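The report below describes a structural model for a reader who has its sequence and coordinates at hand. It begins with a pair of residues and then widens to the elements around them.

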2 protein chains.
Amino acid sequence: MSFSLIKRILIGPPLKTAELAQQKIGNFKALAIFSSDALSSVAYGTEEILWVLVAALAFNLTLPILLAIVCLLALLTISYRQTIYEYPNGGGSFIVAKENLGLYPGLIAAASLTTDYVLTVAVSVSAGIAAITSAYPQLLPFKVELCLLSICLIMLVNLRGIQASGTIFAIPTYAFLFSTLLLIVMGLLKIHQGNFELAPSHLPMHPAVDSVTILLVLRAFSAGCTSLTGVEAISNGVPAFRSPESHNAAKTMVWMAIALGIMSLGMGFLASAIHIVPHHDETVMSQIAGIVFGKNSLFYILHQWFTMLILILAANTSFAGFPRLGYILAKSGFVPRSMAMKGDRLVYSNGIIILAAIAGLLIIIFHGTQHFLMPLYAIGVFLSFTLSQGGMVMHWVRLRKEKKVLVPLLINGIGALATGIVLVVLAWTKFTHGAWVVLLIIPFFVMLFKSINEHYAAVRAELKVGKHVEIIPQEKQHLIVLAIGGTTKVARDTVDYILTLVNNHTMIRAVHVNVHKEGHEKTIERIREFSTWVENKIPLDVLESPYRSILEPLENYMLELRRNYPDYTITMAIPEFLTSNKLANFLLHGDTGRLIYNHFTELEFNVIFVPYRIKTTSKTENKKCCQNNIEDAIMIKNK
Amino acid sequence: MSFSLIKRILIGPPLKTAELAQQKIGNFKALAIFSSDALSSVAYGTEEILWVLVAALAFNLTLPILLAIVCLLALLTISYRQTIYEYPNGGGSFIVAKENLGLYPGLIAAASLTTDYVLTVAVSVSAGIAAITSAYPQLLPFKVELCLLSICLIMLVNLRGIQASGTIFAIPTYAFLFSTLLLIVMGLLKIHQGNFELAPSHLPMHPAVDSVTILLVLRAFSAGCTSLTGVEAISNGVPAFRSPESHNAAKTMVWMAIALGIMSLGMGFLASAIHIVPHHDETVMSQIAGIVFGKNSLFYILHQWFTMLILILAANTSFAGFPRLGYILAKSGFVPRSMAMKGDRLVYSNGIIILAAIAGLLIIIFHGTQHFLMPLYAIGVFLSFTLSQGGMVMHWVRLRKEKKVLVPLLINGIGALATGIVLVVLAWTKFTHGAWVVLLIIPFFVMLFKSINEHYAAVRAELKVGKHVEIIPQEKQHLIVLAIGGTTKVARDTVDYILTLVNNHTMIRAVHVNVHKEGHEKTIERIREFSTWVENKIPLDVLESPYRSILEPLENYMLELRRNYPDYTITMAIPEFLTSNKLANFLLHGDTGRLIYNHFTELEFNVIFVPYRIKTTSKTENKKCCQNNIEDAIMIKNK
């Protein structure tokens with residue numbers, strides 16, 4: 001009772017399935033839910049590029065590379081818009097790759113998306129908390145706890161349903177968006193007015209052209225491409241939008257791309273113009289904000305806070321995406337069916353909880369540092385990008401006779417090529433930095449999906465019955481075995497129940513297991529003379545148990561009955577007495593009933609339970625019994 | 001299967017109850033099992049006294065105080081010998097206090113013994129590992145792990161049975177005993193020959209008499225009395241000895257006392273003669289051994305090792321004592337009955353495992369440092385000593401008309417007084433050092449024991465039936481409700497089973513819960529037309545589930561049936577399908593059967609299970625099914 005009350009307080013009252021339409025979200029909230037991952041990358045995208053270029057002092061390449069990335073972003077956006085219209089039920093890369101490239105590419109896409117979603121949560125929460133602990137070092141010892149707390153909060157908000165998460169997470173997302181736009185506008189103004197103190201730089205600003213190689217440019221490009229993670233999220237979540245779903249999703253996608261593009265280019269331009277050099281103690285974005293707003297201004301402090309929040313909230317995109325992917329995989333039987341069940345608040349609660357649990361585990365294992373996980377993360381994203389784009393190319397090829405497909409085919413083709421190149425460069429440059437782990441994780445997931453699918457298929461095949469199967473009701477003979485522990489009311493009620501239920505030609509036996517060697521004769525005698533079966537002529541078998549186990553002799557006895565009565569269907573009847581409290585049942589009475597049930601259903605015996613609930617007892621009765629009990633205890637000595 | 005194999009390897013094949021006599025131990029092994037706690041105290045007893053005396057520089061009081069402690073030891077030994085003969089079934093303080101002083105003193109003794117046993121394990125294992133890590137500091141980071149490993153090993157050896165633990169633990173116990181005796185003999189020889197370099201001492205050796213107060217002497221005496229913990233162990237475990245049990249136990253007790261007395265006095269004398277001063281970096285015993293054997297001799301190194309081992313093995317005394325106490329408490333219904341069950345190897349396995357678990361938990365909580373636990377530990381021991389002695393006094397008073405009781409009464413009386421004084425001094429001096437916790441723990445245990453006892457008494461009172469209760473078999477009406485998920489073989493078999501089992505006037509209904517809102521009409525239609533009940537005229541009820549829960553609508557339905565058919569006994573029949581693997585059952589199929597069973601037995605409905613085991617399927621079948629499945633998956637898009 002108290003658990004369900006806590007649940008109600010935390011996630012709210014349950015919603016009816018019919019209320020699903022009200023749980024569709026408008027574009028304003030959708031942008032906050034699905035884009036926090038992509039938008040948050042503004043906080044580190046430029047920095048990633050600068051760190052690669054710092055080796056060759058080729059900072060003048062920053063803007064061209066950012067331009068290329070924004071072009072790729074535009075390409076991906078157009079390309080995913082096409083996916084949104086062609087696949088309005090969501091599922092993104094998995095469905096696109098499976099339908100157009102085959103089962104295994106689909107499962108590989110699903111595996112890399114899964115990896116990506118889990119890592120996004122772990123990486124972005126760790127990054128956000130790292131930003132907080134670098135601002136407030138006294139919080140450093142609680143890094144892991146803070147990460148776990150953040151994940152719990154995001155999980156709870158998501159369990160409240162998509163409306164709640166949209167409302168709550170919209171505030172920090174838009175706050176970050178507008179404070180960053182403000183930063184860019186103020187920066188541009190200041191540059192225009194020329195009233196700028198340049199950042200102190202200990203590095204010469206003219207490039208060492210010789211050291212600029214193609215590989216360096218590619219590496220910088222790939223590093224910057226980590227900004228593009230999360231772009232696919234909207235295309236995976238089309239069904240969450242209000243009707244017309246595809247149209248709204250496509251519109252939101254474009255808005256997200258425009259926001260991301262403007263912010264990325266703006267930050268890149270400011271970084272180049274102010275001659276920012278990446279630094280281990282302060283992020284590039286913080287350096288820019290410090291110079292533009294001034295280190296002590298309220299704007300600076302607020303912007304820092306919004307940045308931390310958006311980094312943590314990037315995790316929310318996974319909480320929107322992963323459960324939906326889980327649903328689609330579960331519908332096709334590639335993951336446990338429970339992933340397809342909508343919880344009280346019409347979200348796929350199991351997926352949300354599992355995502356939080358795995359990400360939490362990763363954070364505990366890696367002590368809340370994201371560096372180990374980063375390479376894995378980017379590779380998963382670009383693998384699924386490439387498969388999705390490739391799938392769309394095949395999709396257009398297939399449709400070429402029905403409509404004009406040249407332009408969309410070209411767009412997806414160039415998209416596949418570009419993301420494929422990034423994938424190869426990432427895999428190449430990051431292989432020894434942990435990217436090899438992907439070679440283990442993705443095949444593992446693919447195999448897991450496949451074997452779960454085979455299991456479900458096999459079960460279904462075996463359980464299927466035709467629509468009008470002929471049933472010839474054989475006159476089955478029944479044998480019922482009463483497992484009896486003592487001469488109690490429970491035993492009497494069970495005999496009563498069985499006798500009145502079954503038909504006349506059912507055979508009934510009683511059985512008792514004697515786990516004591518000596519001093520138990522009186523009890524056995526009492527059981528033997530128990531009026532109930534003496535009157536009803538039920539034969540009693542007493543089993544000796546030299547090794548003091550109840551299940552073993554009972555199992556041998558039942559299996560022997562099965563051998564001796566091959567034509568009989570054998571059922572075990574268990575008198576089950578319940579106390580007011582499940583814990584007491586388990587700790588104080590050993591829960592023998594449940595033990596027997598588990599054991600004998602596994603052995604394919606039918607089992608009948610006759611529960612008997614102990615009523616509350618008065619205190620005076622207790623007193624008397626207790627007194628008896630003490631006398632019993634004293635008896636031990638004198639035996 | 002593999003679990004039971006591992007179990008067999010770790011603890012050996014099960015023993016028959018009839019083999020109990022062979023599991024009785026000889027005095028040689030018994031001394032090792034029951035005395036390791038007491039004997040190990042030689043390693044720290046003298047030191048505890050010196051640390052108190054160092055404040056007043058009153059080292060010349062060491063020997064007198066030790067003499068007084070040995071006198072108390074002699075008194076306790078004689079007194080517990082009397083207990084052994086009077087109470088040959090063991091149980092020690094609990095039984096003695098309960099029978100002679102009443103229920104609550106008995107329960108207080110049981111509570112303090114329980115506290116004592118658990119703390120002995122945690123304290124002694126921590127102390128032993130601390131000795132090892134101070135010799136090998138590189139092991140320090142693994143302190144907790146080493147503690148837990150030691151506890152696991154001791155637990156496993158004890159689960160192998162008392163013979164095994166006697167054999168294995170005799171070696172280090174006797175090694176410690178003889179190497180310590182060797183140390184004392186060699187020390188005395190060297191003192192006799194006068195060829196001694198005195199230990200370097202920075203303290204004057206003449207006492208500052210002014211500062212010697214009664215309280216100081218009492219504190220030193222109480223500190224030294226910690227050596228006496230474990231003395232009562234033999235009297236608790238009399239039934240483990242060979243016949244004649246009491247005689248053998250009494251003999252072993254005397255041998256233990258002699259060994260402990262000689263070693264304590266010997267160490268005390270050496271410490272005084274060599275002018276040892278307690279030191280934080282090296283124990284007193286190690287200082288003595290270093291001087292007597294020489295720091296680099298093999299004797300010195302071996303003696304250090306044996307000391308570490310005996311400190312850890314002191315825990316074994318608890319493993320011998322606690323499960324026996326648990327058995328006695330369980331027999332009288334003060335702890336869960338499962339504590340009274342003998343395991344495969346004829347020891348009370350549940351007690352052994354619980355002791356290891358709680359001690360392990362304490363070690364994890366206190367990070368393997370024993371200082372926090374020490375005060376609690378000693379107070380528990382002396383509380384049970386005092387209660388036991390007091391109980392014996394009452395015992396003799398009661399028997400005064402039957403035999404001469406003056407001498408034994410005096411012995412126990414003085415014993416009660418002495419241990420009572422130690423108890424008060426310990427409580428007084430250690431109260432703020434954590435001894436106040438005892439004031440919480442002991443009443444908690446007493447209340448727990450009492451409430452468990454009341455629970456059992458109440459249950460027994462309610463279930464009891466008279467020997468020849470008149471049973472009037474009422475012609476009960478039965479209503480069976482079939483819970484059906486789909487048109488599978490399992491459903492068909494269940495219908496078949498129920499139809500052939502029950503008598504003609506039993507009412508049967510089928511019920512299906514629709515958790516989907518839309519798109520499920522086809523399945524419902526198929527269920528409605530399922531030939532099995534159409535032919536047998538079983539009415540089908542389809543329950544809508546707006547909140548997607550299975551249990552809730554089913555519960556409402558069943559409770560309504562109960563209201564509508566008050567004269568009927570209602571039974572729910574659940575078709576249960578089982579896959580080859582329990583984990584798969586749970587993860588992939590949600591284990592709905594078990595969920596329903598738990599829920600409806602709790603609501604006091606009778607439940608019938610009809611298990612159906614899925615057979616293994618061929619790979620080719622899988623292939624085909626999987627293909628269908630993929631087509632299903634693709635269908636999602638087009639819906």
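## Pairing around strand β1(A)

Gln477(A) has Tyr568(A) in β4(A) as its bridge partner, and the two strands concerned, β1(A) and β4(A), pair in the parallel sense over six bridges. Here strands (E, at least two residues) and helices (H or I, at least four) are DSSP runs numbered from the N terminus, and two strands are taken to pair if DSSP finds at least two bridges between them. β1(A) is also joined to β2(A), again in parallel, by five bridges, with Val481(A) having Arg509(A) in β2(A) as its bridge partner. Six of the seven residues of β1(A) are buried, so that the strand is mostly covered, where buried means under 20% relative accessible area, exposed over 50% and partly exposed in between, with a 1.4 Å probe and protein chains only.

The model is predicted, so local features need pLDDT of at least 70 and side-chain atom pairs count only at pLDDT 80 or more, whereas totals for chains, interfaces and linings use all residues. Residues are numbered from 1 along each chain as its sequence is written, chains are lettered from A and ligands numbered from 1 in the order in which they are written, and side-chain values use heavy atoms, with hydrogens and water left out.

## The ten-stranded sheet

These pairings belong to an open sheet of ten strands with mixed pairing, in the order β3(A)-β2(A)-β1(A)-β4(A)-β5(A)-β5(B)-β4(B)-β1(B)-β2(B)-β3(B). Because β3 (540-544) of chain A and β3 (540-544) of chain B stand at the edges with a single partner strand each, one side of each is left without a neighbour in the sheet. From one strand to the next the twist averages 25 degrees, with axes fitted as lines to C-alpha atoms, for helices over the stretch in contact, and angles running from 0 to 180 degrees between N-to-C directions.

In chain B, strand β2 (residues 507-514) runs parallel to β3(B) and is joined to it by five bridges, and His512(B) stands opposite Val542(B) in β3(B). Helix α18 (residues 489-501) of chain A packs on the sheet, where the strands it touches include β2 (507-514) of chain A and β1 (477-483) of chain B, and its direction makes about 130 degrees with that of β5(A); contact means heavy atoms within 4.5 Å.

## A helix pair in chain B

How close do the axes of helix α8 (residues 162-193) and helix α11 (residues 245-273) of chain B come, and at what angle do they cross? The two axes come within 10 Å and cross at roughly 40 degrees. That makes α8(B) oblique to α11(B), since angles under 35 degrees count as roughly parallel, over 145 as roughly antiparallel, 65 to 115 as roughly perpendicular and the rest as oblique.

Among the residues making the contact are Phe176(B) and Ile184(B) of α8(B) and Met263(B) and Phe269(B) of α11(B).

Chain A has 24 helices and five strands, and buried residues make up 56% of its 639 residues. Thr115(A), which lies in helix α6 (residues 103-135) of chain A, is buried, with a relative accessible area of 8%, and touches Ile441(A), Ile442(A) and Phe445(A), not counting residues up to four places away in sequence.

In chain B, Tyr136(B) lies in the loop between α6 (103-135) and α7 (143-159) and is partly exposed, with a relative accessible area of 33%.
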